[in-house]
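This report walks through one protein model.

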Amino acid sequence: PSNNGFHCGGRLIHGPDRIYFWLSFLGIAVGGLVCVAFIFPHFFIFDALPLAFTVPSVIVFVFLWILSVVSHLIVAYMDPGILPRSPPPPPSLDNYHITASRFNSKTVMIGSVPVTLKWCHTCNHFRPPRVSHCSVCDNCVSRFDHHCPYVGNCVGQRNYKPFLTFIISTLCMAILATTNVMVLLVSRIVQKGSFSSAFSASTFLFVVSAIVLVLAIITALLVGTLVVFTCNLVANGLTTNEQTKHELNNPYDKGCRSNCANACCMPTLPPLVFPRARVGQWGSSGDVLGSISLNEVVSQ
């Protein structure tokens, strides 16, 4: 009953918004391909720089490009940590909504900090700590960070590490592309003696390089801002969703080193939804959530 799409028998899960995902995916894939196929070969054609510089820089760029594309797809089509819904109440319970409205939250203690667990009227359960309901996908997601339109999916507990890999590799790829293109153009100008001579001899290279350079700089600025913001959240043990709420007490902060280690090395919880299972084969979300300890949820 959510807005998610499923492919390959439920093995691939994505959100309902696909336009920005495909635009960003094609931009990264095509941009990297243009660099590899039309720009970087001129390093070897012109022989303007030593191989000790050109070969490692091209190899590193190709590695970052592949890593960015693959991690982008993983984030976009991986279950972010969707929590299954509980069945709706029977129609005979006329006072159900009145009762639910009276007890729509409860408080638990995490360390010495009280944390409010809210009742989700869509999924019919109390949301565990760090769980939030995504209004775009219409699902409760474990350790919900945010819904990213450029991956077309929620970013949660299960795909947070691939998301970090994606944004960091994309930033490094954009910086390396900017550096390589600028070095190539400058070396070509020096080789020909003037800009006009170099442009006349390599017009196609200069035009394509200018387009790639502008896109790479814009990408580096935008993604760089996102990386700095995300690294600050990781260092403080926060998610984007928690940051926007401006909560004064953070019960999940374990110190910068532990927070970074937890974000980069935390184990990926098994999925809690099974799109390929037969109806009735798996229990309700109350059964599933009951099998997860509070400490296990908080530690993520």
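## Terms and basis

Two strands pair if DSSP finds at least two bridges between them. Helices (H or I, at least four residues) and strands (E, at least two) are DSSP runs, numbered from the N terminus.

The model is predicted: local features need pLDDT of at least 70, side-chain atom pairs count only at pLDDT 80 or more, and totals for chains, interfaces and linings use all residues. Residues are numbered from 1 along each chain as its sequence is written, and side-chain values use heavy atoms, with hydrogens and water left out.

Strand 4 (residues 105-110) and strand 5 (residues 113-120) run antiparallel, joined by six bridges. Lys-106 has Leu-117 of strand 5 as its bridge partner. The two strands form a hairpin with two residues between them. Gly-111, in that turn, has a positive phi of about 70°.

Strand 5 also pairs with strand 6 (residues 125-126), in the antiparallel sense, over two bridges. Here Trp-119 stands opposite Phe-126 of strand 6. This hairpin has four residues between its strands. Asn-124 in the turn has a positive phi of about 60°.

## Positive phi in loops

Cys-8 sits in the loop between strand 1 (5-7) and strand 2 (12-14). Its phi is near 55°, a positive value in a residue other than glycine.

Arg-130 lies in the loop between strand 6 and strand 7 (132-134). Its phi is also positive, near 70°, and this residue is not glycine. Is Arg-130 buried or exposed? Its relative accessibility is 10%, so Arg-130 counts as buried. The classes are buried (under 20% relative accessible area), exposed (over 50%) and partly exposed in between, with a 1.4 Å probe and protein chains only.

## Asn-241

Asn-241 belongs to helix 8 (residues 240-245). Asn-241 is buried, with a relative accessible area of 17%. Contact means heavy atoms within 4.5 Å. Not counting residues up to four places away in sequence, Asn-241 touches Ser-132, Phe-144 and Asp-145. His-147 is 94 residues from Asn-241 in sequence, yet their C-alpha atoms are 9.5 Å apart in space.

## Nonpolar cores

A nonpolar core is a set of buried Ala, Val, Leu, Ile, Met, Phe, Trp, Tyr and Cys residues joined through side-chain atoms within 4.5 Å. The largest has 46 residues. Those with the most contacts inside it are Cys-35, Ile-39, Phe-40, Phe-61, Tyr-160 and Ile-167. Helix 1, helix 2 (41-46), helix 3 (51-77), helix 5 and helix 7 each supply at least two of its residues. Helix 5 gives the most, with 13 residues.

Leaving aside neighbours within four places in sequence, Phe-61 contacts Gly-32, Cys-35, Val-36, Phe-40, Met-173, Leu-176 and Ala-177. A second, separate core has six residues, among them Leu-83, Cys-123, Val-131 and Leu-272.

## The largest pocket

On a 1 Å grid over the protein atoms alone, a pocket is an open set of points where a 1.4 Å probe fits, with protein on both sides within 12 Å along at least five of seven lines; lining residues have an atom within 4 Å of a point. Grid points are joined across faces, edges and corners, and a volume is the space filled by probe spheres set on the points. The largest pocket has a volume of about 880 Å³.

Its lining has 32 residues. Ser-24, Ile-28, Thr-170, Thr-219 and Val-223 lie nearest the pocket centre. Helix 1 (19-39), strand 9 (146-148), helix 5 (160-192) and helix 7 (203-235) each supply at least two lining residues. By class, the lining has 25 nonpolar, seven polar and no charged residues. Ala, Val, Leu, Ile, Met, Phe, Trp, Tyr, Cys and Pro count as nonpolar, Asp, Glu, Lys and Arg as charged, and the others, Gly among them, as polar.
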